[in-house]
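Hi everyone, thanks for coming along. Today I would like to walk you through one structure, step by step. Please have a look at it first.

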Amino acid sequence: MKKQLPELMFLKSRDGKEGCSLSAPEIADDLCILAADKLRKDIADFPQLSEVEIVRHYTNLAHLNHSVDAGFYPLGSCTMKYNPKINEKIANQPEWNAHPYSPIHLVQGNLEIMKSLEELLMKITAMAAFTLTPAAGAHGELTGLRVIRDYLTAKGDARKIVLIPDSAHGTNPASSVLCGYQTKEIPSNENGILEVETLKKHLDKDVAALMITNPNTLGIFEKNIVEIARVLHENGSLLYMDGANMNAFMGIAKPGDLGADVIHLNLHKTFATPHGGGGPGSGPVGVGKDLVKFLPVPIITHQGKEYKVRYHNETGSNRIKNFYGNFLVIVRALVYLLELGKENIRQVAEDAVLNANYIRKKLEPYLDLPYKSKSLHEVVFSDKGLTVKTLDVAKRLLDYGIHPFTIYFPLIVHGAMMIEPTETESKETLDQFIDIMIKILDEAKKDPAFVQGAPYSTPVTRLDEVLAAKQLILRWKPAATQTN
Amino acid sequence: MSTKDLKFTEKHEWASVNGNIATFGITDYAQHQFGDIVFIELPAMGKSYGKGAACANIESVKAVADMYAPVSGEVTEVNSSLENAPEQINKEPYGAGWVCKVKMADAAELDSLMDESAYENYVKSVEEK
Amino acid sequence: MRYLPLTETEREEMRKTIGIKETKELFSDIPKDKSYFSLADLPAALSEPELLDKFNEIGRKNIFPGFLSFLGAGAYQHFIPELVNFLSNKSEFLTPYTPYQPEVSQGSLQGMFEYQTMMAQLTDMDIANSSLYDGGTAAAEGIVLALKKSKKQHILIAGNIHPEYIEIMQTYIKYLDYKMDLVPFDPQSGKLKLAELQGKIDQDTAGFIFQSPNFFGVVEEGKQISAMLHSKNSYSLQIVTEALSLAFLVPPGENDVDLVVGEAQSFGLPLGFGGPYLGFIAAKSEFLRQMPGRFVGQTLDSKGNRGYVLTLSTREQHIKRERATSNICTNEAWCAFRAGIYLATMGKKGLRSIAKTNHLNTAYFVKEVSKLNNVKVKYQKDYYNEVVLEVQNGKTDDFLKKLEAKKILAGIPLHWFYPDQKNTILVNFTEIHRKKDIDQLVQAIGEIK
């Protein structure tokens, strides 16, 4: 029987149902000191369900979801690798569950965890210092760009422009503009990478930084990076390296060695913390030594075995997040790195890149590869020559229990299919995926309409996104009041 | 609706002239690029827009972009039926999908716009890139 | 290694297929002198038992467990029903990606739709999004939204907003062309000086953002504030750091607030030393097209069945890019989903009951502690769940140290945020505290000379 969506919980709600078990109140109501006009009378239509209904509701919702634990998720630039369960066990231990304003001598263990992750990340990336406060990659980008702007402003050389390659993720220009910069898009060459000459053409004294993802969103290593860094530095500009694709060379190369002044990492990508359906993440920012004093508070230091925290910086607090950052995500990343250790950390990138190249080799005869340069951890095909759209191939993959690759990104590839298998997939899974892709492409040739109508076996068939955007039902309302 | 008397811009808008009133809209090429249009922020009534100024904002499921005024003028009418039926722009970009009418500030500006065949060639060159 | 399924034999086969002898060849674009560095300074791999040992060892350095804590100020300890842990930790909720392929993500999407609904109900606003990073960044997003929508340059902020939130807002608008002014509060009442607010609103004021209950736990006059701002064509924005207060106090929507932002950690998220938490934003529908973050919308599939999708993506960074109002991509989705489970589990009755208990516990403490001579409750009117306690003789650090020796964390010294306030602490009460815990606190305070 095909799974179906459960009724919305509001429709199951009935007065008098209870889902929780609370102790009897001990303090009398008459102690309330707030006047009646400050108090709410009711929460209209708020649900009331029994525990068993809540369990059934969410258990049935779970059945409707694909997840990494259930199957392959080759989403390019997302690094949907397996989320280790020991990370969950340790992160959920009550020893870490302190109030963030606990006096620091009572939470030295928590400070040690954060400092240990900072130091490991410094070793892996050759950056001089890290802040673990940003909550996601985009948050890290904003933080890193601000550090750059603070640094240049303090030098009396504020500058106005950030250069961004055409293959960049949308957060790059969005973050730049939110930092008060203007952005200029610069083209990649026919091999998909940035040429030094192209950079020089766009470089002037108004350029604060170049924001580059390495490897870029085509999965290609920006091999001119060292010279690019040198040219930038000579011009008084800085190099921001978006580390979303760190899984491609973690343990093999270090962004600091390649010339990066500022980087951010995504713990929910390279460092295996669970994606949770869209977050929480964590986007630590690493900087070169000249920029360390511009990092946001709080700043953790240690003197011998004792950890201290600074809430004020000589350059201004620059706080970008409440408290310390997404601490429990940080715990998971640390457990992961300590389990990998020096013996395995290199194998992660090597297997990730091997897997991607294996898929590339096997699918190259069937799909158009617009950029023929070496692929690292991901490969991007286009929809050239296909009898159906990239979207249709993606939807048909769902029928085979595989989450599609990233589609229509990067923008410079028509109908882009960005495939990143990661290192946590077996050869069997890769072979299965390859066989299914070949099958679907064959289906598309023989019966395009069939592929265009996919998916068929999922709990819902293809959803009407146009209707969603037009009717804009973003919440439930009782039938009488729902206006659309 | 016949497009042979329309004037076109490089940003894929069209203008049709009746006396000193110009009607604006986006071209068939533009609506196709958008995909299903779900929302339009119409120009403000009575407001004057310069030639090339962003006067409306159009959203589809996958894209959002401004519409730029082909010539300068003061807005005298907007197509408010688009508020509930923005898809008219897709269905009849030159007809029921018109966006607004303006009282032209300088009719000579029309001379710098493309005619139908010049626009068709322009679209061809854009598609070949 | 258990997370690396490839065997050496398989690697060999794959290398043959690709046409290389060593995996190293795939990295040949990386400059030779900058790749394959020595790994010697990295720690040795730990086995699962060794990991547990190591983290137990680190855990022993945390000595806060067993303390009776009254710490609040933007992070609140609440009772989390076991159901919330059990359901939210299902791998189908923990390990999927953002629901960009909605056909296989209806579980996440419907759950988020239900969460959006409950947040809109609690705030009494038209719409709520599916999460921001935390309360502080939500406040920053809120003021940027008000400024962009109104096309004005000036924003007013209340002086008794959580100081960290003020810091974050300052960071966020530092390099944008906006002006921010503080509206002071009355040191006698802890509440905003509304006459001063009136005087500061001008033609270029996009809006005023205030916190209620404010940083000192006092409920502000939301309706009056909104009326004042609307009369001058400006927006009213409210911050809520204790989301539970929404179940007990008149909600922002009823007070005519235009935009509500805040922190929903109280809805089932552990204290977790500060994160991950759950920022939220709710607003009148006129803000919809510029609101940051993701929205889940209801629609139909090709067979006419109900389904859910992420919608209005054209606002977001991946489409608007440099013209986006916000750059947020990954948010706190799982935290929001978990909050939805918490809200459903507590239900209307449970939620309103504990929201009331938070207040009554605070009122009981005030009643009892008022019998002592060595402390004074500073703001006695209109508090909800936190009070400022003035230490009469001597400084707060000494006072808190003595209580810490009795394993009580009585509150947060306000000089952390206001350096000149050397004798006040902020004390918080939730439903976690039983009557005997409050009695214990009062008695311990009473014993301090």
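Let me start with a definition: a residue is called buried under 20% relative accessible area, exposed over 50%, and partly exposed in between, using a 1.4 Å probe and the protein chains only.

Now some background on what you are looking at. This is a predicted model, where local features need pLDDT of at least 70 and side-chain atom pairs count only at pLDDT 80 or more, while totals for chains, interfaces and linings use all residues. Residues are numbered from 1 along each chain as its sequence is written, chains are lettered from A and ligands numbered from 1 in the order in which they are written, and side-chain values use heavy atoms, with hydrogens and water left out.

Let's begin with chain C. How many helices and strands does chain C have? It has 13 helices and 15 strands. Here helices (H or I, at least four residues) and strands (E, at least two) are DSSP runs, numbered from the N terminus. The C-alpha atoms of chain C fill a box of roughly 85 × 55 × 50 Å along the principal axes. Of the 449 residues in chain C, 69% are buried. One of the residues of chain C to find on your screen is V260(C), in strand β7 (residues 259-263). V260(C) is buried, with a relative accessible area of 0%. Between V260(C) and A283(C) there are 23 residues in sequence, and 6.1 Å in space from C-alpha to C-alpha.

Next, please turn to chain B. There, six strands form an open sheet in the order β1-β2-β3-β9-β8-β5, with antiparallel pairing. The edges are β1 (7-8) and β5 (48-49), each of which pairs on one side only. Two strands count as paired if DSSP finds at least two bridges between them. Let's stay with β9 of chain B for a moment. Strand β3 (residues 21-26) and strand β9 (residues 100-104) of chain B pair in the antiparallel sense over four bridges. In that pairing, F24(B) has C100(B) as its bridge partner, and T23(B) has K101(B). Strand β8 (residues 73-78) of chain B is joined to β9(B) by five bridges, again antiparallel, and V75(B) stands opposite V102(B). Which residues make up the covered face of β9(B), and which the uncovered one? C100(B), V102(B) and M104(B) are on the covered face, while K101(B) and K103(B) are on the uncovered one.

Now for charges. Side chains of opposite charge can pair when their charged atoms come close. The rule used here for a salt bridge is a side-chain nitrogen of Lys or Arg within 4 Å of a carboxyl oxygen of Asp or Glu. By this rule, there are 52 salt bridges over all chains.

Let me show you three of them. In one, E164(C) meets R319(A), with the closest N and O atoms 3.4 Å apart. This pair crosses between chains, from helix α7 (residues 163-173) of chain C to the loop between β9 (306-310) and α10 of chain A. E164(C) is buried at 3% relative accessible area, and R319(A) is buried at 2%.

Another salt bridge is between E59(B) and R289(C), at 3.3 Å from N to O. Why does this pair join two chains? Because E59(B) lies in strand β6 (residues 54-60) of chain B and R289(C) in the loop between β8 (279-283) and β9 (295-300) of chain C. E59(B) is buried, with a relative accessible area of 5%. And is R289(C) buried or exposed? At 17% relative accessibility, R289(C) counts as buried.

Then there is E221(C) with K191(C), at 2.7 Å from N to O. These two link distant parts of the chain, 30 residues apart. E221(C) is partly exposed at 22% relative accessibility, whereas K191(C) is buried at 13%. Salt bridges that share partners join K38(A), K191(C), E221(C), K381(C) and D382(C) into one network.
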